[in-house]
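Here's a quick briefing to read with the structure open beside you. Take it one topic at a time and find each residue as you go.

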Amino acid sequence: MKKCLLFFITIVSLQLVVAQQESAFKSGEWFKFRMSYSGWLKAGEATLNIKEKSLDGKPVYHVVGKGKTTGAINWFFKVRDRYESYFDTKTGLPYKFIRKIDEGGHKKDVEIAFDHENKKAKVNNKKYKTIKSVDIDTNVQDLVSAFYYLRNNYDTESIKKGDVVKLSMFFDEENYPFKLKFLGRETIKVKLNGSKIKVKTLKFRPYVMAGRVFKEEESLTLWVSADKNKIPLKIKADLAVGSLRADLEKYKGLKHSFEVQFD
């Protein structure tokens, strides 16, 4: 287990899958995930929370994502991560992204302001007290806003096994061409809000950059609920050392009814 960043990358990837006229989420939606290392060791927890607010007079959704290590992992590799995104309630395009992390002593404090009209991003690195302007792609998303934007803009009704979905994402001062492959449909067993249930899911494989964190490009596998909510249920990753798994543990504030079968 390297970083809770893994969780947020995966959350982005698993939402590149649905197009529907009705929004898949609403203000007040909240998720909590439990993280485990190599299938047995408790590693940490992460949450995502969305609320409707106003930014510079514009109606936006404000998302806060938090990740932290717990238990034995926390003794020798302490992680405290916080991600925030402010994006337009109608277009889904991000206006501001905040990344404030502390991962085993490695710290970052970055705030990004997006100017989609002029295709520029102002990157304010507060740790090093530097500000730079970077060119961005058309309709680029940040790491968190993509989770919500793509829940409303990609089709899962007609998606076929082997189909690949692509997205432009801005991260670490770069435009990142992200892509995701659909592996098929699968019914899995999960434990949510204290109950063991069976859920119909869509299974995906995101392509990531191999190297220091991920073992290879196809290191991630993820499952989302095959309903109007597109809930992220399970994430499995092979890392450079060991493996990491994230399981949805609790949720609230869903916009649509959640279709399940009790075990």
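In the hairpin of β4 and β5, which residue takes a positive phi? That residue is Gly 92, with a phi near 80°, and the hairpin has 5 residues between the strands. Keep in mind that you're looking at a predicted model. Let's start with the whole chain and then work our way in.

**The whole chain**
- The protein chain has 3 helices and 15 strands.
- There are 263 residues in the chain, and buried ones make up 51% of them.
- Take the contacts with a separation of 6 or more: 55% of them are between residues 24 or more positions apart.

- The mean pLDDT of the chain is 86, with 86% of the residues at 70 or more.
- Over residues 14-20, pLDDT stays under 50, and the model has 43 contacts beyond four places in sequence for this stretch.
- Residues 210-216 also stay under 50 in pLDDT, and here the model has 24 contacts beyond four places in sequence.

**The nonpolar cores**
- The largest nonpolar core holds 61 residues, and Tyr 148 and Phe 170 are the ones that touch the most other members.
- Strand β10 (residues 174-192) gives this core its largest share, 7 residues.
- Apart from that core lies another one of 5 residues, including Leu 55, Val 60, Tyr 86 and Ile 98.
- Back to Tyr 148: setting aside neighbours within four places in sequence, Tyr 148 is in contact with Phe 25, Glu 29, Leu 48, Ile 50, Val 63 and Phe 87.

**Strands β3 to β6**
- β3 and β4 run antiparallel to each other, paired over 9 bridges.
- Strand β4 (residues 79-88) also pairs with β5, again in the antiparallel sense and over 9 bridges.
- On its other pairing, β5 is joined to strand β6 (residues 106-115) by 8 bridges, and these two run antiparallel as well.

**A look at His 62**
- You'll find His 62 in strand β3 (residues 58-69).
- Is His 62 buried or exposed? His 62 counts as buried because its relative accessibility is 7%, and the cut-off for buried is under 20%.
- In β4, Tyr 86 is the bridge partner of His 62.
- The side chains of His 62 and Glu 84 are joined by a polar contact of 2.7 Å.
- Beyond four places in sequence, the residues in contact with His 62 are Asn 49, Ile 50, Lys 51, Lys 53, Glu 84, Ser 85 and Tyr 86.

Definitions and conventions:
Residues numbered from 1 in each chain as written. Heavy atoms only, no water. Helix = DSSP H or I, 4+ residues; strand = E, 2+ residues; numbered from the N terminus. Buried < 20%, exposed > 50% of the residue type's maximum accessible area, 1.4 Å probe, protein only. Contact = heavy atoms within 4.5 Å. Core = buried A, V, L, I, M, F, W, Y, C linked by side-chain atoms within 4.5 Å. pLDDT = per-residue confidence, 0-100. Pairing = 2+ DSSP bridges. Polar contact = N/O pair within 3.5 Å; in protein donor to acceptor, adjacent residues only side chain to side chain.
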